[in-house]
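Welcome! Here is a friendly briefing to read alongside the sequence and the 3D view.

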Amino acid sequence: MRITPFLISAVITTGLVYGLNKKWGSIPPIGKFLSPQYGIWQNAEPADKDFTAELKIPGLKDKAEVYFDERLVPHVFAQNDEDAYFVQGYLHAKFRLWQMDFQSYAAAGRLSEILGPGTDSAVLNFDRNMRRLGMVYGAKKSLEEVEKNPLSKAACDAYTAGVNIYIENLKESELPLEYKLLDYRPEKWTNLKIALFLKYMSLDLAGPENDMEYSNAKSVFNSTDFDKLYPYTQDSLDPIIPKGTIFPTPSFTPIPPVGADSVFSSWKNSTAINEFKPDQDNGSNNWAVAGSKTKSGAPILCNDPHLSLNMPSLWYEMQLHTPNFNAYGASFPGSPSIIIGFNDSCAFGFTNAMRDVRDYYEIKFKDDSKQEYWFNGEWKKAELHIDTFNIRNKKEFYDTVAFTIFGPVMYDKSYSGKRTKNDKYFAVRWKAHDPSNEMMLFYKLDHAKNLDDYKEALPYLNCPGQNCLFADKSGNIAIWQQASFPVKWKRQGDFIMPGTDSSYMWQGTIPMEENPHLINPERGFVSSANQLPVDTAYPYYIGGHHDLYRGLLINRFLKGMNNITPADMEKLQTENYNVLAEFILPLFIKNTDESKLTGDEKKYFDIAKNWNKRNDPGEKGVAVFENWLDSLEVEIFGDELSKVQKPFTWPEQYTLAEALLRDSAFSFIDNINTPQKETLPDEVMASFKKIVPVLSKSESEGKLEWAKYKGTTVRHLLRLPALSRVNLNIGGGKNIINAAKDVHGPSWRMIVQLTDQTEAYGVYPGGQSGNPGSKYYDSFVDQWAAGKYYSLWFMKAGDKMDKKVKWKMTIDKL
């Protein structure tokens, strides 16, 4: 009889062993996850963790040393460049492995291998979108260029070897938390993953494109009204290159096809595409002031790229020192080199050019097999690529993508892109598909010593378009908008174009010397903030989507400043003044009849009326103003835009502001759906009254103060609140120099004064470690939110015994 209890016990034990080691839906295997030896407990890092280590690993040519300061910033000293990149790869993997691995999966369209298909196949659709856009296609072309160049190939090979040495020696207990949550392991790193990561940044930093949305609008509005809604320049523009600049005669003059405008106007789109688009405010601020305007007499360079606020952070701060170069700044986990930073001789930074280098063409296939398409009067063979998607816990999914002379057919009858009716074929032509070697841009800048070296680096930047900022210790300052920009006629690429012949194809590339640039201007500064780079005197069509107010305000401040110090630049980078409110709020006040307001309405009106026009954390007027502006935009444009089939894009805030300031009888003020003719006071009053319930609700919840209202959050990549930093006490916002929005904002603030002994300051919203169980996971966030900076220690070879050294890691060849 004793055998029965034994069998029952055995069955229960077997069941528990099986159950605790099986993944149930999104729940990881509980046994492994909670294991004291291998589970999450091993990710709890002691507050006094010692990062001192002596390692012997294969792959190095010589001995390297890493000196960590108290913020866990590594200062890498290597005997040659390849060893520096090897150690960089090793450190990126040690502190940010899951992040770089996960992002490489995203870039390659492989997230469904980790996450499954997702609700309503959302993850699979994201993967299909990335592959159909040509991310892998473009990355492979770029990798070919990278590996043709012995310098970039050596850097990537060494970096990849460093990552893989770490992965190969990684114990299960040391796996980052996210691997345990998602129950998978890292795969081997490759140079293709580096190329994919840089291509992912090309997507994230590319200028917004609204081809589908503009095409839908163009089918409803005539050219005059379309240009009112979506103008290609601005009244208040203060461009990167000062107004009045005389530009040379262009090398190319594009020839538009006969009747191009009528073709665009006759577009009848029966589709509604909802793409996976980057934040249209992915931009930045940068500026450099000459020694003639600084207290020290040396140039000061400043940069703060505005990107998604992620945990772990997009950036990893570090220094790389070899006999050939010595660079410090922000690096990308997943790629070698310092990306935004400085060296012994100069400093460099970037902002988005915001130009459209991604266009769509409607393809006419012979039949649904997609084997042939009509081009230049004949049927041309398409290349059919079959993509295999390995979906976690599901059958493989196969996707056939046709490649045309323009590029991959992103949307067809098998992939709707969430269209209501997928009966058309659209190929995408994207500059990121072209062979390029952006790796050499960063390599060259890290090694640069002067202005000529800066110019020599720029041609390597093909995509995305950037405003490349530079300053050196010889006193030079410069900015150059650089990429391989296609020559376009006015409005080319703003709409879907016919793909049946070559007449709508790009006709050339703007030479680098004809790209907007400014070197050592008399005014003593150069700057950019994603605004249009030039006025309408520039001979080439710019296109794209551009900011207005940040650049205008930065230039206003810089024009009036002298004896500038780094502290002045810190204040300017964190400036919360709302210049849009300066322009448009008086018009709101003027057109409001206070006698017609209720008690509650009068209370919120007075808050706006008495507001100091600063987006500081405790101000209540910001929420009133922002809601009022949004509501007025709906009142004025909503009736006309309701005639446009989705998707459409709303006009920019500056479009509304400038239109009303220019003409109080702006043609879109009247509501076409009512018998009476509305006036500006009617619309201003109606829009204000509609926001009062929203404001009252926010106030009752204690969330009317600006920081509480917008709730700036640094989100974990998996969108897990417990691993994020939420509701930070920070001001700023859209149109503000301090561009902190809800989950988007200044991702790395840097100020470099190029005195004989370089003086630099910086901060980013995160921490050096990607481990949520480490105190270094989010150790910079509060400093960043408060608008404070760290002094950046630019360590020298003779500083190895300095008290700033907290830990030392020695890495020797095996």
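What follows begins with the whole protein and then visits some of its parts.

This is a predicted model, in which local features need pLDDT of at least 70, side-chain atom pairs count only at pLDDT 80 or more, and totals for chains, interfaces and linings use all residues. Residues are numbered from 1 along each chain as its sequence is written, and side-chain values use heavy atoms, with hydrogens and water left out.

**The whole protein**

- The protein has 23 helices and 28 strands; helices (H or I, at least four residues) and strands (E, at least two) are DSSP runs, numbered from the N terminus.
- Its radius of gyration is 28 Å, close to the 28 Å that the globule rule gives for 814 residues, so the protein is as compact as a globular protein of that length. The radius is taken over C-alpha atoms, and the rule is 2.2 Å times the number of residues to the power 0.38.
- Along the principal axes, the C-alpha trace spans about 90 × 75 × 65 Å.
- Of the 814 residues, 60% are buried. Buried means under 20% relative accessible area, exposed means over 50%, and partly exposed lies in between (1.4 Å probe, protein chains only).
- Among contacts with a separation of 6 or more, 72% are between residues 24 or more positions apart; contact means heavy atoms within 4.5 Å.
- The accessible surface comes to about 31,600 Å², and 52% of it belongs to carbon and sulfur atoms. Accessible areas come from the Shrake-Rupley method with a 1.4 Å probe, and for residues only the protein chains shown count as cover.

- Helix H5 has 12 residues and reaches 16 Å from its first C-alpha to its last, close to the 16 Å expected at 1.5 Å a residue. The expected span of a helix is 1.5 Å times one less than its number of residues.
- H5 is mostly covered, with 11 of its 12 residues buried; among them are Asp 127, Arg 128, Arg 131 and Arg 132.
- Gly 134 follows H5 and has a positive phi, near 100°.
- Helix H6 (residues 135–148) has 14 residues and reaches 20 Å between its first and last C-alpha, close to the 20 Å expected at 1.5 Å a residue.
- In H6, the buried residues are Met 135, Val 136, Gly 138, Ala 139, Ser 142, Leu 143 and Val 146. They cover an arc of only 150° around the axis, which puts them on the same side of H6; the arc is that of the directions from the helix axis to the C-beta atoms.
- As background, an α-helix has 3.6 residues a turn, so residues three or four places apart point the same way.
- The face of H6 turned away from the buried side carries the exposed residues Glu 144 and Lys 148.
- Partners packed against the buried residues of H6 include helix H3 (81–107), helix H5 (122–133) and strand E17 (426–430).

**A look at Ser 331**

- Ser 331 lies in strand E8 (residues 326–331) and counts as buried, at 0% relative accessibility.
- The side chains of Ser 331 and His 92 make a polar contact (2.9 Å). A polar contact is a pair of N or O atoms within 3.5 Å; within protein, one must be able to donate a hydrogen and the other to accept it, and residues adjacent in sequence count only if both atoms are side-chain atoms.
- A polar atom of the Ser 331 side chain lies 2.7 Å from the backbone oxygen of Tyr 316.
- Leaving aside neighbours within four places in sequence, Ser 331 is in contact with residues including Gln 88, Leu 314 and Ile 338.

**Backbone details in loops**

- The peptide bond from Met 311 to Pro 312 is cis, with omega near -10°, and Pro 312 is found in the loop between strands E6 (310–311) and E7 (316–321).
- Lys 646 and Pro 647 are also joined by a cis peptide bond, with omega about 5°; Pro 647 is in the loop between helix H19 (621–641) and helix H20 (653–662).
- Asn 376 is not a glycine, yet has a positive phi of about 50°. Asn 376 is partly exposed, with a relative accessible area of 42%.
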